[in-house]
Amino acid sequence: MRVGILGSGLMGGKLGTLFAHAGHEVVFSYARSKEKLNKLARDARGNARAGTPSDAAQDADLVLLAVHWSRIDDVLKQAGDLSGKVIVSCSLPMNADNTELVVAHASSGAEELAKMIPKARVVSAFNTVPSEVLFGVYAARRKVSRPSLVYCGDDKRGNAVAVTLIRDVGFDPVDAGPLRIARYTEPFALLVAQLAYERKGGPEVAYRFERFGK
């Protein structure tokens with residue numbers, strides 16, 4: 001598949017790299033510098049390149065949205081028309097200083113994104129696992145027992161695409177239900193982040209929550 005990365009920071013950069021390793025065509029975009037995008041593309045090897053958000057979205061089979069909530073409007077404007085696109089969102093609707101969710105309980109960031117692009121196929125995935133464990137999971141992907149990772153969405157095609165990517169990265173996909181379930185997975189993802197970055201044990205502590213008893 002052709003995957004456009006909107007937001008090539010920690011999560012977007014690592015997932016884009018793994019998608020390229022899995023054989024997908026990847027376009028990295030929206031980072032602090034063009035040099036960083038070029039380095040990501042070089043390091044990812046395979047069929048990866050750097051581009052603008054518009055380049056990433058054009059002809060993409062899916063778009064990975066991995067930007068801070070404060071930059072959603074800007075990156076969507078630069079990406080152009082995303083109608084009909086599968087958008088896999090791992091972005092949490094955080095405030096400017098990353099201390100709390102600005103959309104929670106009655107809605108979710110994923111649902112608000114779907115309202116912004118009403119004809120897009122939005123799926124919420126990849127935000128409930130620390131980015132630090134992704135390469136390790138991918139390296140161990142051929143093991144019989146795989147860690148689980150939840151996703152949710154209303155569109156069958158979008159969900160199918162998310163399932164493919166989740167498996168390609170090395171996880172066992174778990175369907176959590178319709179997109180409104182992101183109201184519960186997003187606060188859970190915030191808990192995972194707090195465990196990963198604020199408690200002794202770091203990402204490995206949070207990572208255990210993704211194993212679902214395996």
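Two strands count as paired if DSSP finds at least two bridges between them. Helices (H or I, at least four residues) and strands (E, at least two) are DSSP runs, numbered from the N terminus. The model is predicted: local features need pLDDT of at least 70 and side-chain atom pairs count only at pLDDT 80 or more, whereas totals for chains, interfaces and linings use all residues. Residues are numbered from 1 along each chain as its sequence is written, and side-chain values use heavy atoms, with hydrogens and water left out.

Eight strands form an open sheet in the order 3-2-1-4-5-6-7-8, and the pairing is mixed. Strand 3 (48–50) and strand 8 (172–175) are at the edges; each has a single partner strand, so one side of each lacks a neighbour in the sheet. From one strand to the next the twist averages 25°. Axes here are lines fitted to C-alpha atoms, for helices over the stretch in contact, and angles run from 0 to 180 degrees between N-to-C directions. Strand 1 (residues 2–6) pairs with strand 2 (residues 25–29) in the parallel sense over five bridges, and Gly-4 has Val-27 of strand 2 as its bridge partner.

Strand 5 (residues 86–89) can be followed in more detail. In a regular strand the side chains alternate between the two faces of the sheet. Val-86 and Val-88 lie on one side of strand 5, Ile-87 and Ser-89 on the other, and all four are buried. Buried means under 20% relative accessible area, exposed over 50%, and partly exposed in between, computed with a 1.4 Å probe on protein chains only.

Strand 5 pairs with strand 4 (residues 62–65) in the parallel sense over four bridges, and Leu-62 stands opposite Val-86.

Helix 5 lies across strand 4, strand 5 and strand 6, at about 165° to strand 6. Its buried residues are Gly-109, Ala-110, Glu-111 and Leu-113. The cover over these buried residues includes strand 4, helix 4, strand 5, strand 6 and helix 8, where contact means heavy atoms within 4.5 Å.

The nonpolar interior can be described next. A nonpolar core is a set of buried Ala, Val, Leu, Ile, Met, Phe, Trp, Tyr and Cys residues joined through side-chain atoms within 4.5 Å. The largest such core has 37 residues, of which Phe-19, Phe-28, Val-88 and Phe-126 touch the most other members. Helix 7 (residues 156–169) contributes the most to this core, with six residues. A second, separate core has 26 residues, among them Ala-56, Leu-82, Ile-117 and Ala-120.

Thr-17 is in helix 1 (residues 10–21) and counts as buried because its relative accessibility is 9%. Leaving aside neighbours within four places in sequence, Thr-17 contacts Phe-28, Leu-40, Ala-44 and Phe-135. Ala-189, in helix 8 (residues 182–198), is buried because its relative accessible area is 2%. With the neighbours within four places in sequence again left out, Ala-189 is in contact with Leu-92, Asn-127 and Thr-128. Val-144, by contrast, is exposed, with a relative accessible area of 88%. Val-144 belongs to the loop between helix 6 (134–139) and strand 7 (148–153). Its C-alpha atom is 20 Å from that of Val-129, which is 15 residues away along the chain.

The rule used here requires a pair of cysteine sulfur atoms within 2.5 Å. The sulfur of Cys-90 is 13 Å from the closest cysteine sulfur, in Cys-152, and is therefore too far for a bond. By this rule the count of disulfides is zero. Cys-90 counts as buried at 10% relative accessibility, and Cys-152 counts as buried at 1%.
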